[in-house]
Amino acid sequence: MTSIIYSPKDIFEQEFKTSMRGFDKKEVDEFLDNVIKDYETYIARIEELETELERLKKYNGQTRSSGMNSSAQTIPQPTRVDQSATNYDILKRISRLEKEVFGKQIVE
């Protein structure tokens with residue numbers, strides 16, 4: 001698994017150069033605030049899933065060592081995040097931002 005390049009704090013503290021026809025600072029800040037919220041949600045979800053994975057590994061190790069019949073075991077199914085829908089939502093946001101920024105530049 002690749003490591004995460006930016007933390008929520010890195011995104012929050014990022015400063016960009018401005019130019020005469022630069023981006024609307026307020027709009028960019030609002031977008032980055034949403035990105036930070038997404039990162040925090042992803043980090044919390046990853047930690048939650050890692051904890052669940054460890055719990056299931058322990059449970060699986062205990063049941064194998066006790067010699068229980070696997071068909072008699074009831075293992076709770078972990079919830080699954082639909083990653084493609086999440087990525088799709090992020091791509092939609094980025095696309096809207098690009099249309100707003102670059103669409104206005106093309107018209108001018």
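**Close-up views of charged side chains in a predicted model**

At 54% relative accessibility, lysine 9 counts as exposed in this predicted model.

**View A. Lysine 9 and glutamate 13 pair within helix α1.** A salt bridge joins lysine 9 to glutamate 13, with 3.8 Å between the closest N and O atoms. Both residues belong to helix α1 (residues 8–13), where a spacing of four residues sets them about one helical turn apart. Whereas lysine 9 is exposed, glutamate 13 is partly exposed, its relative accessible area being 47%.

**View B. Arginine 45 meets glutamate 48 in a salt bridge.** The N to O distance between these side chains is 2.4 Å. Arginine 45 and glutamate 48 lie three residues apart in helix α2, so about one helical turn separates them. Glutamate 48 has a relative accessible area of 46% and is therefore partly exposed.

**View C. Glutamate 52 and arginine 55 form a salt bridge.** Their closest N and O atoms are 2.9 Å apart. This pair also sits in helix α2, with a spacing of three residues, or about one helical turn. Arginine 55 is partly exposed at 38% relative accessible area; glutamate 52, at 22%, is likewise partly exposed. The salt bridges of views A to C are among the four that the structure holds.

**View D. Acidic residues gather in a patch of negative charge on the surface.** The patch consists of Glu15, Asp24, Asp29, Glu30 and Asp33. One of these residues, aspartate 29, lies in helix α2, which spans residues 25–66. Aspartate 29 is partly exposed, with 35% relative accessible area.

Conventions:
Residues are numbered from 1 along each chain as its sequence is written. This is a predicted model: local features need pLDDT of at least 70, side-chain atom pairs count only at pLDDT 80 or more; totals for chains, interfaces and linings use all residues. Side-chain values use heavy atoms; hydrogens and water are left out. Patches are made of residues with over 30% relative accessible area and no salt bridge: like charges are joined within 9 Å, nonpolar side chains (Val, Leu, Ile, Met, Phe, Trp, Tyr) within 5 Å. Accessible areas come from the Shrake-Rupley method with a 1.4 Å probe; for residues, only the protein chains shown count as cover. Lys and Arg count as positive and Asp and Glu as negative; His and the chain ends are not counted. The place of a charge is taken as NZ of Lys, CZ of Arg, CG of Asp or CD of Glu. Helices (H or I, at least four residues) and strands (E, at least two) are DSSP runs, numbered from the N terminus. Buried means under 20% relative accessible area, exposed over 50%, partly exposed in between (1.4 Å probe, protein chains only).
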